[in-house]
Amino acid sequence: MSVIQVLLVDDHPVVRDGLKMLINHQDYLSVCGEADNAKEALKLTGKLTPDVVVTDITLKESDGLELTKDIKAHYPETHVLVLSIHEESTYAERALRAGAQGYLMKEVASENIIDAIGIVCRGDVYISPTMSSRLLHKMVGGKAPKLASPIESLSDRELEIFKLIGQGIKASQIAQRLHLSVKTVETYRTRIKEKLDLADANELLQHAIRWTNS
């Protein structure tokens with residue numbers, strides 16, 4: 001059996017080191033490269049042609065969802081496994097829509113990362129039984145179960161901006177980072193306030209900070 005090549009993408013060196021130790025301990029797995037940001041990750045995907053890219057959701061100057069979309073657009077044969085601290089209910093379906101083959105919570109990564117990599121490499125999807133049941137219910141019933149949180153109603157872009165707001169980043173900086181106009185960012189902020197039933201910008205900021213810190 002050929003060795004499965006894995007590219008690790010996370011902006012925390014300690015996390016990468018821990019994952020690398022787990023992965024390289026397996027005879028049929030090998031970490032072929034590491035990156036701490038989306039731009040470098042996309043470049044290394046083209047250069048190293050890994051079988052699997054394991055990426056965090058939160059990255060420097062971008063996020064794992066956008067990176068996943070870029071990887072699948074440029075290197076469709078590369079499998080993507082998203083690894084994150086964020087709840088599945090908020091991000092797992094978004095990751096699958098972006099093109100990922102799996103979503104794994106960091107809190108159980110040490111137990112399940114090896115199985116998850118093997119599953120996505122076979123062309124199957126890796127998610128928890130709870131999330132699998134949720135998605136099947138949506139397919140069979142034609143609608144999703146009741147949202148666990150209003151945050152789930154946000155679009156991918158709205159959620160990305162909400163997260164940046166929670167990190168204390170100003171609208172002008174968000175616009176620059178996401179290559180949008182300030183007016184467009186303000187429009188997204190308005191939509192977020194409406195969906196989350198928030199009264200004003202200050203309430204939006206406080207809510208975003210609490211969510212981000214949690």
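Good morning. Just after helix α9, D197 takes a positive phi of about 55°; helices here are DSSP runs of H or I with at least four residues, strands are E runs of at least two, and both are numbered from the N terminus. The model is predicted, so local features need pLDDT of at least 70 and side-chain atom pairs count only at pLDDT 80 or more, while totals for chains, interfaces and linings use all residues. Residues are numbered from 1 along each chain as its sequence is written, and side-chain values use heavy atoms, with hydrogens and water left out.

Let us turn to the helix itself. Helix α9 covers residues 182-196. Its 15 residues reach 21 Å from first C-alpha to last, close to the 21 Å expected at 1.5 Å a residue (1.5 Å times one less than the number of residues).

Which residues of α9 are buried? They are V185, Y188, R189, I192 and L196, where buried means under 20% relative accessible area and exposed over 50%, with partly exposed in between (1.4 Å probe, protein chains only). The face turned away from the buried side carries the exposed residues K183 and E194. The buried residues of α9 pack against α7 (156-166), α8 (171-178) and α10 (201-213), contact being heavy atoms within 4.5 Å.

Thank you for your attention.
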